[in-house]
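I opened the model to look up a surface patch, the overall layout of the chains, the cores and the charged pairs. The entries below follow that order.

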Amino acid sequence: MISPVRIWDLPTRFFHWLLVTHFTLAWLTAGDSRYLDFHVFFGYGFLGLLLFRLLWGVIGSHYARFSSFCYSYSAVIKFLTTPSSFSNLGHTPAGSWAIWALLFLGFLVSGSGLLTLGALNQLGPLEGYFNFAQGDLFHWVHTSTAWSLLGLVILHLSGVILASRIHRESLIWAMITGFKNTTCLNEQSVPQHPLIAYSLLLFILISAGGYFQGRLFQNPNYQPFPSPPLPQLSLWQSECEDCHLAYHPTLLPQRSWQQIFAEQHNHFEEDLSLDEDTLQQLKQFAFQYPAESNLTKTAWKTHSTLSSSQIPLRITQTPYWREQHQTIAWKQDSNFPAKLDCVACHQDAESGRFTAAAMRLPTATDFPPSR
Amino acid sequence: MKLAPITFLLTLTLSPFIQATPAVEELFTQYRQKGIQEFSADLGKNLYFQEFKLAGTGEIRQCADCHTPDLRAQGQHAETGKIIEPLAPSINRQRLLDIKEINKWLKRNCKWTLGRECTAQEKGNLLTFIQTQ
């Protein structure tokens, strides 16, 4: 007689599908820094879910416990060569190894993500512990482990589909309902633990509400990651803003500022005629905080992607600027923001930070084509 | 348009009574010490609208390029597009108050527009013209 038995309790199933959701959404919001806050939230959620699973692997119901699917290498080989020799309702030996690997890689992805956030974006709990060069390394680890994780997910899914065909029973459906069919009458259903499962879900929903309330209820200029201001000099701002945005000195290397001030009598065709005192104050500020000061990711990227022979006099000549703006189809239209008009898209341009999350691409209605 | 001649007449009759700011008064004194006798708002106006051909590129420039033909209107920087507040002191009370500012802009903008610094006579004429606005 065949009868259904519950092997996956509710927290295990919730964990599984929530992990799938978080991974998918984090994947979709990766790369585009405008959605960095979403990516970071799903990353935190992903890590939190893994931690919950560690706990549940110790205190959960029978089939959720690590002890129930702790198989040796030889057991996996035996299972793969003679699958019929194995009869257990929980994870198969091969399946269990996939779970272990998924857990391990999952921790690597979220851990390297936290490191990247702290080092490259100067955000999160690890802010300030690492430099930008290390951040580049963390980012490389983060992306390569994420791709490996995706590969493993595909392997896991293939295994699931294969096993479902062999046993003529959908394992995916089992992970939804929790039930598998068995002929063995000794098997008993595991407890459901609904309170823990719904608490987990509620916790995530409340966290999301708190985390995204700024996006939901604040003005369109809402910035998810407010950053401390960079050093400013009021003389710098007033002198530069006579004619244009006071581009922060971190946007060009020191040698560029040197040349710009040496050529102050022909500053893009204008004779600035700065008096000696003003000139000295401006120079001092620029030489104190040039791109090499590494105060921001933009500063670090700007000077580290420059060859030492280059002395860019315009920010738009730097390789980093060009790379970051290559997808923009500049129009000659007078209503389309000019390249020097940073504020049109970067809400924190005046502060000099240029954080990715403070970027807002204008829509066609912001800049209707002129007739 | 009907108002234009009236405004012109009014400006003409009132111009001797327009008070120069202390800063402009001080500059006039400096210019007089250099031997300038009289300042003319008309000549200042002519200079404001005069077109200058740049030696190198042949580009044509005039004050009104950035400050617009109407000194009471907001202007725009020719290169960067930055908004320039009106020059006319009647609209913009911040104008013509600070000697340092006036000297800075007369020097920088004469060089950009004329390709050279303005003479004391030209500066006096320009200031006389601007303060009637």
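I looked up A:Ile161 and found it in helix 5 of chain A; helices (H or I, at least four residues) and strands (E, at least two) are DSSP runs, numbered from the N terminus. This is a predicted model, in which local features need pLDDT of at least 70, side-chain atom pairs count only at pLDDT 80 or more, and totals for chains, interfaces and linings use all residues. Residues are numbered from 1 along each chain as its sequence is written, chains are lettered from A and ligands numbered from 1 in the order in which they are written, and side-chain values use heavy atoms, with hydrogens and water left out.

A:Ile161 has 45% relative accessibility and therefore counts as partly exposed. The cut-offs are under 20% relative accessible area for buried, over 50% for exposed, and partly exposed in between (1.4 Å probe, protein chains only). I then asked which residues form the nonpolar patch on the surface. They are A:Trp17, A:Val20, A:Leu157, A:Ile161, A:Ile172, A:Trp173 and A:Ile176, with about 640 Å² of accessible area together. Patches are made of residues with over 30% relative accessible area and no salt bridge, like charges being joined within 9 Å and nonpolar side chains (Val, Leu, Ile, Met, Phe, Trp, Tyr) within 5 Å. Areas come from the Shrake-Rupley method with a 1.4 Å probe; for residues, only the protein chains shown count as cover. Helix 1 (10–28), helix 5 (132–167) and helix 6 (171–177) of chain A each supply at least two residues of the patch. Helix 6 of chain A gives the most, with 3 residues.

Entry 2, chain A. I noted 12 helices and 2 strands in chain A, in the order β-α-α-α-α-α-α-β-α-α-α-α-α-α. The radius of gyration of chain A is 28 Å, well over the 21 Å that the globule rule gives for 371 residues, so chain A is more spread out than a compact globule. That radius is taken over C-alpha atoms, and the rule is 2.2 Å times the number of residues to the power 0.38. Along the principal axes, the C-alpha atoms of chain A fill a box of roughly 95 × 40 × 40 Å. I read 41% of the 371 residues of chain A as buried.

Chain B has 6 helices and 4 strands, and from the N terminus its elements run α-α-α-β-β-α-β-β-α-α. Of its 133 residues, 40% count as buried. Chain B exposes about 8,200 Å², 56% of it supplied by carbon and sulfur atoms.

Which residues have the most contacts inside the largest nonpolar core? I found A:Leu49 and A:Leu149, in a core of 28 residues. Such a core is a set of buried Ala, Val, Leu, Ile, Met, Phe, Trp, Tyr and Cys residues joined through side-chain atoms within 4.5 Å. Helix 1, helix 2 (36–59), helix 4 (93–119), helix 5 and helix 7 (194–217) of chain A each supply at least two residues of this core. Its largest share, 6 residues, comes from helix 1 of chain A. Another core, of 27 residues, lies apart from it and includes B:Ile36, B:Leu126, B:Leu127 and B:Phe129.

I listed the contacts (heavy atoms within 4.5 Å) of A:Leu149, not counting residues up to four places away in sequence: A:Phe23, A:Phe46, A:Leu102, A:Leu105, A:Gly106 and A:Val109.

Leaving aside neighbours within four places in sequence, A:Pro93 is in contact with A:Tyr71, A:Ala75, A:Val76, A:Phe79 and A:Phe86.

I counted 9 salt bridges over all chains, each a side-chain nitrogen of Lys or Arg within 4 Å of a carboxyl oxygen of Asp or Glu. A:Asp242 and B:Lys104 form one of them, at 2.5 Å, N to O. A:Asp242 lies in the loop between helix 8 (234–240) and helix 9 (254–262) of chain A and B:Lys104 in helix 5 of chain B, so the pair joins two chains. B:Lys104 counts as buried, at 17% relative accessibility.

B:Glu122 and B:Arg116 also meet in a salt bridge (2.9 Å, N to O). Salt bridges that share partners join A:Glu239, A:Asp242 and B:Lys104 into one network.
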